[in-house]
Amino acid sequence: MILPVHTHPTLTVLIDDSESFLTSLAFQLDPALARKTFHDTSAALHWLRHSTQQGETPLHVNFDTQNLPPDQCNVALDVERIWRISAQPQRFATPSVLVVDYSMPQMNGLEFCQAVRDLPCKKILFTGAADEKVAVTAFNRGLIDRYIKKSDDHALDILEHEIVNLQREFFLQQSDTVRDLLVLHDYQFLQDEAMASVVLELCRRHGFVEHYIFPNPGGILFFTRDGQARLMVIETARSLHTQYEMARDSDAPDSLLLALLERRVIPYFSDADSDGMYSAGIGENWFRYCAPPTVCLGRDTYFWALFDLPAHQLGQPVSSYAQFLRRQAMESPAA
């Protein structure tokens, strides 16, 4: 189990030619799952083509054509851009999972999945019992990611479970390239199963529904359904020693230096002019910016703590998932 670079709630798109079935299905699904419905495959295709545009990548490639061959280039990663996705009100409208009926008059579910094969959305074929062989063939061809029989006694529970799993797979796949670069530096915890378990437990315990990799100090920025922000600062013995050196070079009080050396505190110096490190103006008030660490033993030993995020760090109010769901509830249930 590994962590995506970022994740947030997304749309599940339900496509079935029966409006009554769509209405019933949408009503029975967990209200926490945002969804959009289509009974017309042409309308669904048009909407998907205009709703799955890739966001601006945080990677910048610099080719030095005069001195280096094309396969040798400098790649810069703007980590700041990742967590600022949280400022985009329409992030929750990203379609991540398609639930497609097989028997439809305009085009069947297999043809529809073929038509959107190039899109990053995960696909579930929702079939009748007679369509199972078709679904198996589609799965083996890579056209769909799951298939579920409508006749199953627990079809709805299975559907919700698979939607959640595929939403996670969606973000893991989207994160692949960036995560591979991050783990080469100070974000090795992204590929550490022990830290992934801690993050999942924090989400369960505190109701976090979205998270983003955060720089300076390194960690994870969480948001609850109502938009409350918490920052999980994640340190290692090496990074805590760097905190110690920065504080020592800034003439920090001996009490702070000792606490850092003994790994008794996790600091988050969150002043407006700070990058998360100690600055001279903090002085004897350093304890206001620190919390006791929780230790996670994984491939490395991690020290972490949760902090409230000051308003100046976000820069602007965050549009929450709860607000998105309320807006969505005012719209027509079917398109």
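The following questions and answers concern a predicted model and examine how some of its structural terms are applied.

Q: Why is Gln167 called buried?
A: A residue is buried when its relative accessible area is under 20%. Gln167 has a relative accessible area of 13%, and therefore it is called buried. Gln167 belongs to helix 6, which spans residues 155-182.

Q: What makes Thr10 a contact of Gln167?
A: Contact requires heavy atoms within 4.5 Å. Gln167 touches Thr10 in this sense, and likewise Thr12, Leu33, Ser96 and Val97, when residues up to four places away in sequence are not counted.

Q: How do you know that strand 6 and strand 7 pair?
A: Pairing requires at least two bridges between two strands. Strand 6 (residues 95-101) and strand 7 (residues 122-127) are joined by 5 bridges, so they pair, and they run parallel. Asp101 stands opposite Phe126 of strand 7.

Q: Why do strand 3 and strand 8 stand at the edges of the sheet?
A: The open sheet has 5 strands in the order 3-2-6-7-8, with parallel pairing. Strand 3 (35-38) and strand 8 (146-149) each have a single partner strand, so one side of each lacks a neighbour in the sheet. From one strand to the next, the twist averages 20°.

Q: Which strands does helix 1 touch as it packs on the sheet?
A: Helix 1 (residues 19-28) touches strand 2 (11-15), strand 3 and strand 7, and its direction makes about 170° with that of strand 3. Helix 2 (residues 41-49) lies across strand 2, strand 3 and strand 6, at about 155° to strand 2.

How values were computed
Residues numbered from 1 in each chain as written. Predicted model: local features only at pLDDT ≥ 70, side-chain atom pairs only at ≥ 80, totals over all residues. Heavy atoms only, no water. Helix = DSSP H or I, 4+ residues; strand = E, 2+ residues; numbered from the N terminus. Buried < 20%, exposed > 50% of the residue type's maximum accessible area, 1.4 Å probe, protein only. Axes fitted to C-alpha atoms, helices over the stretch in contact; angles between N-to-C directions.
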